Amino acid sequence: MSAGEAAAVPDGPPAAAEGPGGALFWISAVVGAAVVAYALRELWSVSSPVSRASLARFLIGGGLVHDALWAPLVAVVLVVTAQLLPVRSRLPVRVGLAFTALVLIVSWAQVRGYGVRANNPSLLPRDYGLVVAVLLAAIWAAVAVALVVAQRGGGGDR
Amino acid sequence: MTATGRAAGVRARADEVRSTVEASPVHDERTAAILGLALGVSFTICFVTGLLSHLAQHPTSWFAWPARPAGLYRVTQGLHVATGLASIPLLLAKLWAVFPHLFRWPPFESAAHLVERVMLVPLVFGSVFLLFTGTANVMHWYPWRFSFTRSHYWVAWMTVGALVAHVGAKAGTTVLALRRRDTTGTSAGATAATAGDGVGPAPSSSPAIPSRRAYLGWTAAASGLVTLTTVGQTVWPLRSAAVLAPRRPDIGPQGVPVNGVPSAEVRAAATSADYRFRVYGDVEEELSLTLEELRSLPGHTAALPITCVEGWSRQATWTGVTVSELMARAGVPASATVDVRVESFQHGSAYQYSTMSDEQARDRDALIAFDLGGEPLHMDHGYPARLIAPNRPGVLQTKWVEAIRVTRR
């Protein structure tokens with residue numbers, strides 16, 4: 001047995017089964033909670049009532065959008081693609097959808113032109129709608145190739 | 001097919017997806033550990049470089065931002081924005097990997113477990129907030145009513161505090177997950193696991209289920225795609241690939257991007273025939289120079305980057321008079337230790353003043369510049385004169401300068 005194999009832990013029950021605890025956990029939790037509390041106090045002290053409301057909306061809203069909308073939407077997409085597509089086609093299409101979503105997330109503000117300033121042409125200087133169209137075309141061309149390869153790899157079983 | 005039949009079909013697919021999620025290596029501890037490590041590295045780089053940017057803009061008694069190396073801030077702030085953008089797919093992949101844990105029942109099993117889960121709230125909410133506001137900021141999109149800089153700064157501290165607690169909670173689990181033999185990283189490995197004792201993470205043998213290796217590979221590719229299409233705003237050789245960046249470093253007046261443009265008041269003051277550049281404060285003789293007199297002083301040319309806090313940068317050639325030369329002409333001894341405040345026509349703005357330490361002000365390349373690339377400064381670059389000095393955030397490279405005030409310590 002090599003040293004690497006000796007260091008490896010064989011498959012077994014999930015490591016988290018024992019749950020958190022111990023000195024490292026509690027010291028980290030106390031230090032971390034103190035930093036969180038101090039940061040929240042500073043956030044409160046540097047904000048006006050109007051900005052506090054806006055801050056709370058974005059701070060809480062962002063996490064909620066992820067947990068209550070985005071992640072469930074991903075699950076729905078998994079269900080729909082499972083419903084509509086042959087088994088071998090699902091993974092390429094899901095990866096294509098994931099990359100499409102990523103490109104749209106990263107480029108949303110540019111495509112919508114939210115930051116454009118008429119008196120500053122060096123800001124957002126490209127035709128981002130065209131850029132995104134080209135990127136999405138490239139992504140789905142790659143998906144199409146992957147689908148052809150997957151179909152040649154073995155049947156269209158559902 | 002009847003509606004009942006269709007509903008049954010959807011339920012069957014949903015059950016299939018649920019069993020897929022439960023069986024998939026995408027959602028096991030090893031995947032979460034690897035993504036957590038990657039995210040920990042990117043967030044740490046992002047936090048440290050952000051903290052350095054904060055300290056460069058808000059000097060303290062215990063930390064002096066150095067004048068050299070000249071391109072240090074270009075590297076740190078480029079890293080700050082690049083790691084932040086690259087973290088978007090990493091965070092989404094990590095949150096998806098652990099998403100099933102959100103619904104675990106009972107929600108906690110001990111006091112320590114409750115503490116661990118409570119600390120996830122500032123970690124997740126803070127992470128999403130930081131990446132959203134940071135990305136919107138570099139696009140100049142502000143759909144909120146709070147101060148971006150202060151909120152981004154303190155939410156970063158909040159998130160790091162929660163990250164410390166999370167690392168303490170997950171260190172042991174992560175080490176174990178990473179040391180465990182990887183039998184599900186590939187489809188072949190998954191098949192082997194199925195054929196083995198059947199203990200451990202469920203296999204990934206369906207072509208519809210990504211293996212762990214594939215999931216991590218696609219995540220890395222997504223981060224790479226975001227980086228490749230944006231980092232050229234500061235990495236010159238990649239400028240043509242920066243198709244999703246909010247800037248291209250060679251687009252702007254005189255081939256240099258611009259962040260802020262002058263108001264009508266600033267424009268009028270900067271082009272006035274009465275313009276005088278002043279040196280005052282703790283000096284032997286105050287100077288009040290016309291633009292022609294300023295330009296007639298012994299000049300100095302330096303190649304320095306202009307680096308915006310929003311992550312773009314551009315190396316350029318600047319010509320002007322050194323701050324040291326101006327202080328010497330005003331009778332400030334070379335032996336004096338000074339602070340220098342550079343004053344702009346942007347009256348009432350947050351950018352009206354910037355300060356320089358003695359080291360920064362006496363640097364050989366710290367200039368009150370009037371030429372860029374051999375031509376008079378464009379109005380958007382700070383005509384008639386601006387500060388350009390090594391290793392400074394762009395917001396401190398004050399434009400439309402009317403005076404410098406010298407204070408001896």
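Which residues in α3(A) meet B:L92, B:L95 and B:W96 in α3(B)? In this predicted model, the residues on the chain A side are A:H66, A:W70, A:A71, A:V74, A:A75 and A:L78. The residues of this helix contact divide into eight nonpolar and one polar, with no charged residue.

The geometry of the pair comes next. Two packed helices are described by the angle between their axes and the distance between the axes. Here, α3(A) covers residues 49–84 of chain A. Its axis and that of α3(B) come within 11 Å. The two axes cross at roughly 75°. Angles of 65 to 115 degrees count as roughly perpendicular. The helices α3(A) and α3(B) are therefore roughly perpendicular to each other.

The whole contact between the chains was also examined. Chain B gives 80 residues to it, and chain A gives 79 residues. Together the two chains bury about 7100 Å². Carbon and sulfur atoms hold 72% of that area. On chain B, the elements that give two or more residues to the side touching chain A are α1 (3–23), α3 (72–98), α4 (111–118), α5 (120–138), α6 (148–179) and α8 (212–228). The largest share of this side comes from α6(B), with 16 residues. By residue class, the side of chain B that touches chain A has 53 nonpolar, 14 polar and 13 charged residues.

Polar links between the chains were counted as well. There are zero salt bridges between chain B and chain A. Polar contact, in turn, joins 11 residue pairs between chain B and chain A, counting pairs with both residues at pLDDT 80 or more.

Notes:
Residues numbered from 1 in each chain as written. Chains lettered and ligands numbered in written order. Predicted model: local features only at pLDDT ≥ 70, side-chain atom pairs only at ≥ 80, totals over all residues. Heavy atoms only, no water. Contact = heavy atoms within 4.5 Å. Buried area = accessible area lost by both parts, 1.4 Å probe. Salt bridge = Lys/Arg side-chain N within 4 Å of Asp/Glu carboxyl O. Polar contact = N/O pair within 3.5 Å; in protein donor to acceptor, adjacent residues only side chain to side chain. Helix = DSSP H or I, 4+ residues; strand = E, 2+ residues; numbered from the N terminus. Nonpolar A, V, L, I, M, F, W, Y, C, P; charged D, E, K, R; others polar. Axes fitted to C-alpha atoms, helices over the stretch in contact; angles between N-to-C directions. Parallel < 35°, antiparallel > 145°, perpendicular 65-115°, else oblique.
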